[in-house]
Amino acid sequence: MAFCLAFLISIRHCRWAMKLCPCGYYNHPEVACVCMPGTVQKYLNKISGPLLDRIDLHVEVVPVPFGELTDKRLGEQSEAVRDRVIAARKIQEERFKDSKGVYCNAQMTSKMVRNICILSDTELLLVKTAMDRLNLSARAYDKILKVSRTIADLDNSPNIRTEHLAEAINYRNLDRDTWGS
Ligand SMILES: [Zn+2]
């Protein structure tokens, strides 16, 4: 199987993986992409902006070297991650207890996003800069705030801090005009 590089795209509970170019090696750390100049951008442009806007997380997945697969060092245990997710869900249950039909951050309306995802001047400047540089849409802006609120919940933080917002912005990879150029 030649293909190793993909974007995992998450729409709530659904995940969708795609290659970044026809040959499948764009941005591969070890194998050169053989696509003609401009092909990658043309390929990625087939995904419409409005479709990308509806996707919460764009995550680039690069091949894992064999040495890392066999690495004995342990990362964070699944049980610890599970506990953090349960705790974040409880925070959201409490947050939306009076909002009919809304159970988690992903379901917030734009108005709720404005009322709940309050940013300080520092974070506002960061998101404004990202919007300008990455040419993000208003819908992508809402997605960033919702995802940053969830990251803050997973961190048990009452406020969205700079690191939460920066991580959420990083999940908008496919919005970037720089892909394939
Ligand atoms: Zn290629």
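Biologist: At what angle do H4 and H7 pack?
Modeller: Keep in mind that this is a predicted model. Helix H4 (residues 78-95) packs on H7 at an angle of about 120°. Their axes are 8 Å apart.

Biologist: What do you call that orientation of H4 and H7?
Modeller: Oblique. Angles of 65 to 115 degrees would count as roughly perpendicular, and those over 145 as roughly antiparallel.

Biologist: Is the crossing of H4 and H7 left-handed or right-handed?
Modeller: Right-handed.

Biologist: Which residues make the contact?
Modeller: H4 brings Arg 84, Ala 88, Ile 91 and Gln 92. From H7 come Thr 150, Asp 153 and Leu 154. The contact of H4 with H7 has 3 nonpolar, 2 polar and 2 charged residues.

Biologist: New topic. Where is Asn 135?
Modeller: In the loop between helix H6 (121-134) and helix H7 (138-154).

Biologist: Is Asn 135 buried or exposed?
Modeller: Exposed, because Asn 135 has 12 C-beta neighbours inside 10 Å, and 12 or fewer counts as exposed.

Biologist: And what about the phi of Asn 156?
Modeller: Positive, about 55°, and Asn 156 is not a glycine. Asn 156 sits in the loop between H7 and helix H8 (162-170). With 10 C-beta neighbours inside 10 Å, Asn 156 counts as exposed.

Biologist: Last one. What separates the C-alpha atoms of Ser 110 and Lys 146?
Modeller: 9.7 Å, with the two residues 36 apart along the chain. Ser 110 belongs to helix H5 (residues 110-116).

Methods. Residues are numbered from 1 along each chain as its sequence is written. This is a predicted model: local features need pLDDT of at least 70, side-chain atom pairs count only at pLDDT 80 or more; totals for chains, interfaces and linings use all residues. Helices (H or I, at least four residues) and strands (E, at least two) are DSSP runs, numbered from the N terminus. A residue is buried if 20 or more other C-beta atoms lie within 10 Å of its own, exposed if 12 or fewer, and partly exposed in between; C-beta atoms are placed from the backbone. Axes are lines fitted to C-alpha atoms, for helices over the stretch in contact, and angles run from 0 to 180 degrees between N-to-C directions. Angles under 35 degrees count as roughly parallel, over 145 as roughly antiparallel, 65 to 115 as roughly perpendicular and the rest as oblique. A crossing is left-handed if the near helix is turned anticlockwise from the far one by less than a right angle, and right-handed if clockwise. Two residues are in contact if their C-beta atoms, placed from the backbone, lie within 7 Å. Ala, Val, Leu, Ile, Met, Phe, Trp, Tyr, Cys and Pro count as nonpolar, Asp, Glu, Lys and Arg as charged, and the others, Gly among them, as polar.
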